[in-house]
Amino acid sequence: MTSLLIVDDDQYIREGLKRLINWKALNITRLAEAEGAYEALELMEANRSHIVLTDIRMPKGDGLHLIEQIRLRNWNTSIVVLSGYNEYAYVRQAMKHHVEDYLLKPIDASELTEIIASCTERFQGQYIAEQMQRESFQLLKNNILLRWVQNRIQYDQLREKLKFLQLPLLMNEQYQICIIDWHDRQEGELARTEEQYRSFAILNSVEEVLQERGRGIAFLNEHRQIVVLFTDEGNDSDGFRASNQSWMTELSKRYGEILKTPWVNYFGKVTCLPRLLHESYSEALAQCSASKGVLETERELELVSHNPIIRQVERYVQEQYSEELTLQLLSHQFNVNSVYLGRLFKKEIGESFNDYLNRIRLNHAKKMLAVTALKATEIATAVGFLDPNYFFRKFKLVHGISPSDYRLSVNNLSEQ
């Protein structure tokens, strides 16, 4: 994945260098040539090379001028100098500009191979380091923004973190959250690679356009939904809201077709205080949850596994979810080792037994919140949670909002 530029005024030398060694074996994927510094700089401006192999004395721009210009532009380019026996004074000048090495003509193939291999290895190491640094930055940014919209970070800490990330998001007058959901229940469970493709494809598309327009920033939540944080310096909240909705409608039509993926937008309210951004996020998340239908058939009604033991366990949990259920109790019920049962369950279902049980209970809790007047603590007990506080934490972790906020959002939606 490395490119190399040969710069020499002698065409025969350029041709000879191209044939001298096996460039592909050294991971040189693009090999270009120029007959002097001026042509080389033009080529580098258009398509920068990682390595430059250059002669020193050339009539159409000498090598020293080329090296100086590369360093003045701060290009991260490895430079290898070709020189004659009577050009050592020029080589000494070139060495001041941090060239990688120099070779005396005629060129020795093994020596050139060793030098180029060293250069490509360095660039590969730099590429990996840069990728890791970029991924680390993205992860940190995503974490801080998600904590902000979920109201899980102190304002002073948020200000410091955003300053470190060079994200001037607290200087605006208006904020609004839009959640992009790409899940289609009719498709059923998607492969992990497909989930990653959809979420990152939409995220990258939105991020690019947001950056061009200066409208805000986008990131992922724990459900792999895309969270769009709109910002504005004005104070016309109605105009801000209408503009965001119109813009996202246009975006979803255009990119939804290009990416061939479902794309639905859910908006929270406009707020003028960054401290209250979590209210906009909670409202958008509640709209998303409510739109999927709290009374529709949930995924747990489907038996996922083909293994006869695990299918029996699934059916038993779906019927007895409100009772005390553990792997130990089920292992006695079905006459199987508890450790083996836990491993087999994870392999067949794709999640641990406890996560599966909590999901079943939380989905039933959602239904009860929507259609009964029972208190949240009563519902927690009814669906099998012995500790109401644990129920509240799990509900907010999975659904993004508290049980009371979820109930309020469903009631508001039914009244519209």
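So, look at C178: facing it across the sheet, in strand 9, is F267. Before I go on, this is a predicted model, so local features need pLDDT of at least 70 and side-chain atom pairs count only at pLDDT 80 or more, while totals for chains, interfaces and linings use all residues. Residues are numbered from 1 along each chain as its sequence is written, and side-chain values use heavy atoms, with hydrogens and water left out. When I say helix or strand, I mean a DSSP run (H or I, at least four residues, for helices; E, at least two, for strands), numbered from the N terminus.

Back to that spot. Strand 6, residues 174-181, pairs with strand 9 in the antiparallel sense over 4 bridges. Two strands count as paired if DSSP finds at least two bridges between them. Strands of a sheet pair through backbone hydrogen bonds, parallel or antiparallel.

What else touches this sheet? Helix 7, residues 192-213, packs on it and touches strand 6, strand 7 and strand 8 (226-232). Contact here means heavy atoms within 4.5 Å. The direction of helix 7 makes about 170 degrees with that of strand 7. For angles like this, axes are lines fitted to C-alpha atoms, for helices over the stretch in contact, and the angle runs from 0 to 180 degrees between N-to-C directions. Helix 8, residues 237-259, packs on the sheet too, touching strand 6, strand 8 and strand 9, and its direction makes about 25 degrees with that of strand 6.

Zooming out, this is an open sheet of 4 strands in the order 7-8-6-9, paired antiparallel. Strand 7 (216-220) and strand 9 (264-267) are the edges, each pairing on one side only. From one strand to the next, the twist averages 25 degrees.

Inside it, strand 3 (residues 51-55) and strand 4 (residues 78-83) pair in the parallel sense over 5 bridges, and V52 has I79 in strand 4 as its bridge partner.

Next stop, helix 10. I310, V313, E314, V317 and Q318 are buried there; buried means under 20% relative accessible area, exposed over 50%, and partly exposed in between, with a 1.4 Å probe and protein chains only. Looking down the axis of helix 10, those buried residues fall within an arc of 130 degrees, so they line one face. That arc is taken from the directions from the helix axis to the C-beta atoms. The face turned away from the buried side of helix 10 carries the exposed P308 and E319.

Most residues other than glycine have a negative phi, and most peptide bonds are trans. But K105 and P106 are joined by a cis peptide bond, with omega about -5 degrees, and P106 is in the loop between strand 5 and helix 5 (109-149). Then there's Q166, not a glycine, with a positive phi of about 55 degrees. Q166 sits in the loop between helix 6 (155-164) and strand 6, and it counts as exposed because its relative accessibility is 69%.
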